[in-house]
Amino acid sequence: MQGWIIYNKRDAIENKSYIEWFIYECKKQDIQLTLLYREQLTIGLKEGMYVVNYENKPISLPDFIVIRTIEPLLQNTFEALFIPTFNSFEVAYTFNHKSRTYIEMHRLGIPLLPTFFTTKSSFPTNPPLSYPFVIKEATGRGGKQVYYIENEKDWKNVEKLIQSEDIIIQDANVQLGKDVRVFVVGREIVAAVLRKNYNDFRANYKLGGSAQLFHLTEAQKVMVQKIIDHFNFGLVGIDFLIGHDNELLFNEIEDVVGSRILSATTEINLLEKYVSLIKQTVIHKKAQITS
């Protein structure tokens with residue numbers, strides 16, 4: 001079985017050890033995984049057919065593709081060529097845009113903070129929420145492009161900081177600097193971790209936060225499972241904010257999620273589980289095509 005893992009060059013350098021680990025776990029399961037740089041990959045349409053070139057030359061297509069860039073068009077194109085992608089187009093398209101994500105979670109009845117959708121070009125004259133609150137760029141990730149608004153001065157200054165068009169304005173009446181990330185492979189809740197940051201309102205591990213294993217209650221597992229059962233996940237991280245009564249409130253779903261936190265807090269081999277899911281998914285889809 002042959003697979004690709006696609007990264008931007010800069011991200012590939014930063015995640016070198018993760019990529020090597022991924023390739024190793026694939027090799028253990030008789031899969032050859034090859035790293036491709038997005039900058040050298042060309043996809044498109046020519047003479048009524050899809051074209052996929054690498055380094056300006058045609059390339060043989062793999063059995064599956066792990067896409068570690070935020071570009072749902074890649075998933076969309078490769079799935080049109082009947083190549084399984086991880087995560088899928090549906091997941092990448094929905095969860096790399098916070099507004100779409102919140103609408104989907106509302107449909108499922110998942111608890112959310114009060115949230116308003118707007119754009120930079122239609123930035124409200126007056127805030128729709130009482131201070132303090134946060135403004136998030138809809139396509140931001142990793143805790144970036146998030147602005148904590150404490151007062152009118154912050155409100156008036158934030159517009160010039162915003163880089164994206166789509167934004168959300170969200171209540172901040174939670175335990176700041178804390179959140180819970182639930183790691184999911186397929187339809188399995190693998191583990192959850194509590195992230196804390198005493199120096200920032202964001203709990204992200206990369207922003208200086210710490211992490212420890214978190215034990216979900218049965219009710220919390222039911223809530224997470226409701227999300228899992230509705231979508232075709234490969235590997236994702238589902239993040240929850242923590243209310244003042246310790247209730248979990250949905251925050252976001254990380255499509256291109258890492259495993260640094262889980263490796264630091266448990267002995268769980270997340271990639272081994274992920275590769276097993278990929279292998280079984282590819283085998284199942286091949287069987288469907290040939291039957």
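1. Asn 246 sits in the loop that links strand S15 (235-242) to strand S16 (248-254); helices (H or I, at least four residues) and strands (E, at least two) are DSSP runs, numbered from the N terminus. Its phi is positive, about 65 degrees, although Asn 246 is not a glycine. Asn 246 counts as exposed because its relative accessible area is 53% (buried is under 20%, exposed over 50%, partly exposed in between, with a 1.4 Å probe and protein chains only).

2. A word on what you are looking at: this is a predicted model, in which local features need pLDDT of at least 70, side-chain atom pairs count only at pLDDT 80 or more, and totals for chains, interfaces and linings use all residues. Residues are numbered from 1 along each chain as its sequence is written, and side-chain values use heavy atoms, with hydrogens and water left out.

3. Glu 47 also has a positive phi without being glycine, near 55 degrees. You will find Glu 47 in the loop between strand S3 (41-46) and strand S4 (49-54). With 76% relative accessibility, Glu 47 is exposed.

4. Two peptide bonds deserve a look. The one from Phe 86 to Asn 87 is cis, with omega near -5 degrees, and Asn 87 lies in the loop between strand S7 (85-86) and helix H4 (89-95). The bond from Tyr 131 to Pro 132 is cis as well, with omega near -5 degrees; Pro 132 belongs to the loop between strand S8 (115-119) and strand S9 (133-137).

5. Leaving aside residues up to four places away in sequence, Tyr 274 touches Phe 22, Val 66, Phe 86, Asn 87, Val 185, Gly 234 and Leu 235 (contact means heavy atoms within 4.5 Å).

6. Finally, Ser 164 lies in the loop between helix H6 (152-158) and strand S11 (166-171). Is Ser 164 buried or exposed? At 18% relative accessibility, Ser 164 is buried. The Ser 164 side chain makes polar contacts with the side chains of Glu 137 (2.6 Å) and Thr 139 (3.5 Å). A polar contact is a pair of N or O atoms within 3.5 Å; within protein, one must be able to donate a hydrogen and the other to accept it, and residues adjacent in sequence count only if both atoms are side-chain atoms.
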